[in-house]
Amino acid sequence: MKNVRNNGTGPDGKRAATDGEGQGEGVIVAHLGVAVEVLFAGGGRRQVRIKRRSGHVVGDRVTVAGEVLTRLPRKTELRRRAAAGIHLVGANLDVLGVVVAPLPAPPAGLIDRAFVAARAAGLQPFLVVNKCDLEGADGMVAELRAVYGRSAPLFPVCAATGRGFELLEEFLARGHRGAFVGITGVGKSSLLNALCPEIDLRVGALNDFNDRGRHTTTVATLHTLADGGELIDTPGFQDFGLVDITARQLALHFPGFEETGAADCRFRDCRHRTEPGCAVAGMVTKGAITAERYETYLDILTEVEASEEENRRRGWK
Ligand code: GDP
Ligand code: ZN
């Protein structure tokens with residue numbers, strides 16, 4: 001039942017003056033290299049040719065006049081680090097779903113780093129615990145709720161059966177445009193397939209390609225969900241990970257420190273380590289932040305500082 005309004009007519013059945021001929025304001029819903037597909041406000045869609053290095057990405061709002069496409073200012077930008085440098089993978093996203101599962105278990109610090117990167121980019125993070133049919137899932141959900149419950153929405157789901165989808169779909173339907181990140185094997189493709197039945201991704205496809213060392217042409221796409229909301233699928237992004245976070249971003253956005261607020265520290269650039277008048281250290285003393293979470297923060301801070309130092313030494317930043 002999707003695409004019912006793709007005949008170029010508005011809700012009242014009249015041809016919308018602005019997009020009837022594939023003109024006016026719209027959003028890029030697919031990037032095909034030499035062209036992008038634009039979905040116009042009234043529901044029509046068509047491809048518009050672009051220059052190779054024009055920098056447009058899925059999610060960009062644009063105006064089209066004739067064959068001329070003009071990009072409108074972005075609200076948010078989501079980036080990833082790739083071998084060739086830093087790539088922009090999507091524009092104007094609102095939320096980022098960090099997908100985890102009992103198996104494969106998330107590496108230490110993955111959720112915290114992803115939350116920090118999302119917030120630093122202006123996106124609200126949320127957690128999806130997939131494979132809730134597996135043993136150990138209940139315990140994992142309880143643990144994650146205890147740590148992240150006050151920082152972000154958490155959705156236990158089973159992509160295999162669709163269990164738990166209602167709440168996730170409701171969340172995305174609140175006018176949200178999102179994307180998923182997580183390590184290979186947690187079920188991101190399965191989730192996208194189940195949520196957007198028309199996209200038909202190959203589950204486990206990435207492994208196949210890796211095994212054969214093959215390269216494929218990947219197409220980033222934006223999908224409208226049946227009940228509202230949108231998901232961006234950017235092949236390759238989900239597993240390569242986000243751009244490195246900075247120590248400053250970590251100190252500002254670490255999940256669990258929100259209520260301190262870190263803004264109450266005496267020093268505006270406080271790293272919550274040994275600085276006098278640190279609001280976070282105060283919360284640890286009071287027991288409002290557990291010693292374990294604080295240790296985790298300090299471990300990640302030490303790692304981030306070391307990689308910043310390494311980058312400086314190499315003259316990268
Ligand atoms: P991705 O690498 O994150 O995109 O993960 P895939 O979607 O390719 O899934 C990896 C594996 O997990 C596949 O074998 C899926 O069939 C399986 N899988 C996905 N969702 C579930 C689930 O809810 N329960 C179980 N038991 N397995 C799942
Ligand atoms: Zn502090």
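The zinc ion (ligand 2) sits in a tetrahedral site, with angles of 101 to 115 degrees among its four donor atoms. Please keep in mind that this is a predicted model. The points below begin with the zinc site and then turn to salt bridges.

**The zinc site**

- Four residues coordinate the zinc ion (ligand 2): C265, C270 and C278 each through SG, and H272 through ND1, at 2.2 to 2.4 Å.
- The site counts as tetrahedral because all angles have to lie between 85 and 135 degrees for that label, and the angles here run from 101 to 115 degrees.
- For comparison, the ideal angle for four tetrahedral donors is 109.5 degrees.
- Along the sequence, the donor residues follow the spacing C-x4-C-x1-H-x5-C.

- Side chains of opposite charge can pair when their charged atoms come close.
- D112 and R293 meet through their side chains in a salt bridge, at 2.8 Å from N to O.
- D112 belongs to helix α1 (residues 110-120) and R293 to helix α9 (residues 291-313), so this pair ties together parts that lie 181 residues apart in sequence.
- Both partners count as buried, because the cut-off is under 20% relative accessible area: D112 has 3% and R293 has 14%.
- E303 and R113 form another salt bridge, with their closest N and O atoms 2.6 Å apart.
- This pair also links distant parts of the chain, with E303 in helix α9 and R113 in helix α1, 190 residues apart.
- E303 is partly exposed at 45% relative accessible area, and R113 is partly exposed at 28%.

**A salt-bridge network**

- D60, R74, E77 and R79 are joined into one network by salt bridges that share partners.
- Within this group, R74 pairs with E77, their closest N and O atoms being 2.9 Å apart.
- R74 counts as partly exposed, at 23% relative accessibility, and so does E77, at 26%.

**The overall count**

- The salt bridges in this model come to 16, among them D112 with R293, E303 with R113 and R74 with E77.

Key: Residues numbered from 1 in each chain as written. Chains lettered and ligands numbered in written order. Predicted model: local features only at pLDDT ≥ 70, side-chain atom pairs only at ≥ 80, totals over all residues. Heavy atoms only, no water. Salt bridge = Lys/Arg side-chain N within 4 Å of Asp/Glu carboxyl O. Buried < 20%, exposed > 50% of the residue type's maximum accessible area, 1.4 Å probe, protein only. Helix = DSSP H or I, 4+ residues; strand = E, 2+ residues; numbered from the N terminus. Donors = N, O, S within 2.8 Å, 3.2 Å for Na, K, Ca; no water. Tetrahedral: all angles 85-135°; square planar, octahedral: opposite > 155°, others 65-115°.
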